[in-house]
Amino acid sequence: MPDISRTRSLSVRSSKSRSDTPAPSKRHRFTFASLRGNYQPGLSKRLFRLIKSENYVINAYESAGHERQSIATQLSEWGEQTGDDAVSELSDKLGVILTEIGAQEDIFAQNLEDYRSILKQIRNTESGVQPSRDHKTKVQDEIARLKYKEPTSTKLVTLEQELVRAEAENLVAEAQLTNVTRAKLKEAYAQHFAAVVERAEKQAILAKHGRRMLNLLNDTPVVPGDTHEPFDAERQARQILYDAEEDLRIWTPDLEEVPTQAHPVVGGVLDGKAAATSSLAPRTVELGNHPAQLGIHPAHRKVSGTSNHSSAGSSSSSVAADPPYSISQEERRRRQDMIVAC
């Protein structure tokens, strides 16, 4: 948290030389990487646009913060040239508070950038799942084409085995996508809303002390020829700034805890220590990783960990089950023979 007294002392006029040069903007310039949106997989296009739009929002908050700080300096400089000692002193102190309010906008923009980077992890995972879906669909279409044009083609068996592998890979990828999406969506917007609360509460603190500062200004009308009493509340004005600094320093978030998953997913891949007990582990067993089962449709595979008696008892139902696409009687008998052989 920026320290008012250390960064800006008790006046914004001491930084006149710096105020002549506008604060550098953190805008993201155009690069060839900006063209990636035109080549995003269909699955991740919407989130890509959302993340891109958030970048414009971040730039707007950064710009607003810099403009607020510039206006604070202008207020102080205007008050100094009025010739009214009370207006001069209080406008300078108000400029300090307004400068800090502008700094909170910049901090908020930085927190939004952190939230945006979390959303990127979902986008990257979606981009990684799209090829798996496309490959599965391509194999299914090729099988359907051969069944229609060359029902007796020897490529059908090879393609069906390839479909089994594609479905297995896609099943794991879809599970990872679900885990990443849920975990990172919760993490991202927990970060976002925490940043909103921090910005709002700190700016409210500063605004309340700003109103205290205004109470030091005597605005009682005077008749022509009379003058206000000399301003003697400099010490109180400094104390208000000290109080604002202290309130910001001791501020702590009072937020409802957002529970997170026990085994986080990082970068679309399960953490190594958590993989054994993760929700993906049972799915991996059901897929049947044994080489003897790689060419068998998941509906006919033997699930590891089951007894021989249970396998035998359910063999008739497993043999009767068909894959999720139409097959001929000859193919069904061939698949049953393959299952018995395995």
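Glu162 and Arg165 are joined by a salt bridge, with 3.1 Å from N to O. A salt bridge here is a side-chain nitrogen of Lys or Arg within 4 Å of a carboxyl oxygen of Asp or Glu. This is a predicted model, where local features need pLDDT of at least 70 and side-chain atom pairs count only at pLDDT 80 or more, while totals for chains, interfaces and linings use all residues. Residues are numbered from 1 along each chain as its sequence is written, and side-chain values use heavy atoms, with hydrogens and water left out.

Both Glu162 and Arg165 lie in helix 5, 3 residues apart, about one turn of the helix. Helices are DSSP runs of H or I, at least four residues, numbered from the N terminus. Glu162 is partly exposed at 25% relative accessibility, and Arg165 is partly exposed at 33%. Buried means under 20% relative accessible area, exposed over 50%, and partly exposed in between, with a 1.4 Å probe and protein chains only.

Helix 5 also holds Glu198 and Lys202, 4 residues apart, or about one helical turn. Their side chains form a salt bridge at 2.9 Å, N to O. Are these two buried or exposed? Glu198 and Lys202 are both buried.

Next, helix 4, residues 85–149, contains Arg116 and Glu113, 3 residues apart. The closest N and O atoms of their salt bridge are 2.9 Å apart. Arg116 is buried at 8% relative accessibility, whereas Glu113 is partly exposed at 24%.

How many salt bridges does a search of the whole structure find? The number is 11.

Note on methods
Helix = DSSP H or I, 4+ residues; strand = E, 2+ residues; numbered from the N terminus.
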